[in-house]
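Please open the structure in the viewer and keep the selection tool at hand.

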Amino acid sequence: MPRHRTNDVSATARTVDRRSFLALATGSVLGLAACSPGVTTVASSEPTGKLPSGAPPPGTKLAVAVRTTRLQLEPAGLKKDLAFTVSEWPNLTAGPDIIQGFRAQSIDLASNAGIPPIQAKAIGVKTKIVAIQVRPRPIYTFATAPGSSIASAADFRGRKIGFSQGQAQGVVVLRALKEAGLKNSDVELVALPSTQFLTALQSGQVDVAPLGEPTLTKYLDQYGKDGAIGLKTDVVDLLTVLWAPVEVLNDPARAAAVRSFVPLWAKGLVWAWENSDEWIDTYYVKDQGVSEADGRRIVSSHHQPLFPVSWDKAIAWEQETADLMADGGFVPKQDVSDLFDRRFEGLAAESVSAAYREAS
């Protein structure tokens with residue numbers, strides 16, 4: 001690896017002290033947001049009243065950070081059903097980046113795992129979850145640095161682990177440690193955004209880090225010959241959510257646009273599942289740059305999309321996640337039930353066939 005890349009990671013990485021985690025995450029989001037002129041804190045009152053049921057008024061615009069849906073709309077024949085103008089499709093996926101975009105009022109709707117809304121609440125950014133997909137299979141694998149002797153989660157003791165602030169990968173680490181019977185203090189948690197995990201692994205800044213696809217495949221293709229391995233666990237990151245700032249949902253026009261988008265999001269995911277060959281070519285090969293064979297292997301490891309009719313189980317899982325974070329001293333104790341705008345409950349499930357609904 002070039003030396004300058006290693007130095008970049010060294011300058012960014014910090015060992016996470018439990019008391020400093022929230023300050024680190026808050027500083028990264030608030031500091032970046034403060035650089036944008038006219039930024040205000042999302043501090044509107046809670047959405048109230050009946051959810052708008054009609055089409056959004058002409059001229060309604062949303063900035064939507066959901067790249068997969070953008071790529072699915074046209075081949076799935078759903079583009080004609082987009083009832084509002086997408087002013088921008090920001091190519092952002094990391095939770096801290098989305099929170100920054102919400103604060104800067106540059107993103108109106110996004111897709112993430114369950115932890116970013118918890119982190120947003122912890123730093124005072126008011127948001128709501130408006131749609132849920134459940135993923136009952138693990139989607140992250142722990143990749144080891146080249147030459148590492150790690151062979152199981154029990155070997156994490158005393159090792160440096162990439163720990164992403166406010167992202168799903170962070171909770172995957174905490175859950176894996178818990179299942180392995182290890183305390184957070186038994187390892188060295190190194191604070192990095194997940195986008196820097198690859199560089200950190202390559203340079204030896206961390207011994208192990210959780211990677212999702214297709215990043216995992218790209219990494220192992222390059223460094224497997226040097227001893228890097230992918231270590232699977234049973235840790236499930238259960239939720240994929242659509243979420244939005246409260247102020248967006250308080251605007252009837254934009255709330256109507258969000259409501260109209262939820263079925264398209266769900267139908268797009270179902271189309272990708274049912275048309276895997278075209279999706280592999282569209283997303284994994286052309287957009288993500290992996291081989292067709294690797295795309296097929298990745299897709300074969302996925303579970304079909306499921307959308308819960310009732311959100312009760314999802315809320316319980318989100319609460320368990322928040323409690324795990326709070327018990328580690330990373331966020332204040334919080335009740336997550338107010339993170340869910342239940343006016344949208346079941347909307348995604350109702351828009352797909354029964355095969356893709358998770359029953360109560």
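The stops below concern a helix and several aromatic residues in a predicted model.

Begin by selecting residues 312-327, which form helix α13. This helix has 16 residues and reaches 22 Å from its first C-alpha to its last, close to the 22 Å expected at 1.5 Å a residue. Next, colour its buried residues, among them W317, E318, L324 and M325. Then move to G329, which follows α13 and has a positive phi, near 80 degrees.

Now turn to the aromatic rings. A search of the whole structure finds 11 aromatic pairs. Select W265 and F307: the ring centres are 5.6 Å apart and the planes stand at 75 degrees, so this pair is edge-to-face. An angle over 60 degrees counts as edge-to-face. The pair links distant parts of the chain, since W265 belongs to helix α10 (residues 252-274) and F307 to strand β12 (residues 307-308), 42 residues apart. Are these two residues buried or exposed? W265 is buried, with a relative accessible area of 2%, and F307 is buried at 0%.

Continue with W279 and Y283, whose ring centres lie 5.0 Å apart with planes at 5 degrees, so the pair is stacked. Both residues lie in helix α11 (residues 276-285), four residues apart, about one turn of the helix. W279 counts as buried at 8% relative accessibility, and Y283 counts as buried at 14%.

Technical notes: Residues numbered from 1 in each chain as written. Predicted model: local features only at pLDDT ≥ 70, side-chain atom pairs only at ≥ 80, totals over all residues. Heavy atoms only, no water. Helix = DSSP H or I, 4+ residues; strand = E, 2+ residues; numbered from the N terminus. Expected span 1.5 Å × (residues − 1). Buried < 20%, exposed > 50% of the residue type's maximum accessible area, 1.4 Å probe, protein only. Phe/Tyr/Trp six-rings, centres within 6.5 Å; stacked < 30°, edge-to-face > 60°.
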